[in-house]
Amino acid sequence: MYDVIALGELLVDLAERAKDENGYPTLAANPGGAPGNFLAALSAYGKKTAFLAKVGDDTFGHLLTGTMRRAGIDTRGILISSDTFTTLAFVTFDAHGDRSFAFARKPGADTQLRWEEIDPAMLAESRVFHFGSLSCTDEPARSATQSAVAYARAHGKLVTYDPNYRPPLWKTEQEAKEQILWGLRQADLVKISDEEVQFLWGCSPEQGAERVLALGAKLVMVTLGPKGCFLKNAQAEYRCGCPQVRTVDTTGAGDIFGGSAVSRFLELGKTPEQLTQEDLAYMARYASAAASLSTEKSGAIPSIPAKEAVLQKMQEAY
């Protein structure tokens, strides 16, 4: 039995390390894709995970599959495609370390996953099903995602969702909003950023949390970047800041927050609506510490901190 199975993009982040005199970046390759980062954090913190994804039959595709395996993620649901290349994300940074994205994905292998290629038995073997919006940008992956969500809900699985909005990957903002709102209506537990709340509704994080709950979620976690997070269900809410760190690279921090928070949620053994303020604090402080520590290193999966380091940072900060 898996604790969490995720469906979605598995790709390579080519992140800027330096620029030459003409502005051309020197890039370093790291494993990426929000669902993979999310699962890697869960695996690092003792949870059993599996991935449903597609990569190319190329150097990067085989590297990514090996990385997932070493991270403790079951890879039997990762398919190798001979028809398309592994998706590449080009990540550049501004003076504050914030990211900008460009993608080689026309199409990328991750968009070509089909429902008939997915083994429903793997979904049946999991307590939680997780997905994001990027598998809904293009067909056939959009239909595969919709079918997997329907299967998970029909079989009583807890559904978790992270919009992970990336503007360059959508044809229009309206299409992005429609698909993200569809995803929010499917989920029991949602991780969403304050920027995504602004994109969808132009409101505060607190108001955004209310809107997500009104769409049917039982628990919403709003990440606030360096300002921390805000968690809310029907009976309680909790806000905390982030520990002080020396940020180098924010890539994957939100995914690591999500995976860390869900790892703690699973330890509590409650439904999302049963969580008390104390429970929300238990999740939020750990996830905020883990995500903050991850920004001190480059890349996403390589930057996931050990549990002992997270607990030490929590003692210092809270």
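Helices (H or I, at least four residues) and strands (E, at least two) are DSSP runs, numbered from the N terminus.

View 1. Along the principal axes, the C-alpha atoms fill a box of roughly 50 × 50 × 40 Å. This is a predicted model, where local features need pLDDT of at least 70, side-chain atom pairs count only at pLDDT 80 or more, and totals for chains, interfaces and linings use all residues. Residues are numbered from 1 along each chain as its sequence is written, and side-chain values use heavy atoms, leaving out hydrogens and water.

View 2. Five of the five residues here are buried, so strand 11 is largely enclosed by the rest of the structure. Buried means under 20% relative accessible area (exposed is over 50%, partly exposed in between; 1.4 Å probe, protein chains only). Both faces are covered: Val-190 and Ile-192 are buried on one side, and Leu-189, Lys-191 and Ser-193 on the other. Across the chain, 59% of the 318 residues count as buried.

**View 3. Strand 10 (residues 158-162) alongside strand 11.** The two run parallel and are joined by two bridges; strands pair if DSSP finds at least two bridges between them. Thr-160 has Leu-189 of strand 11 as its bridge partner.
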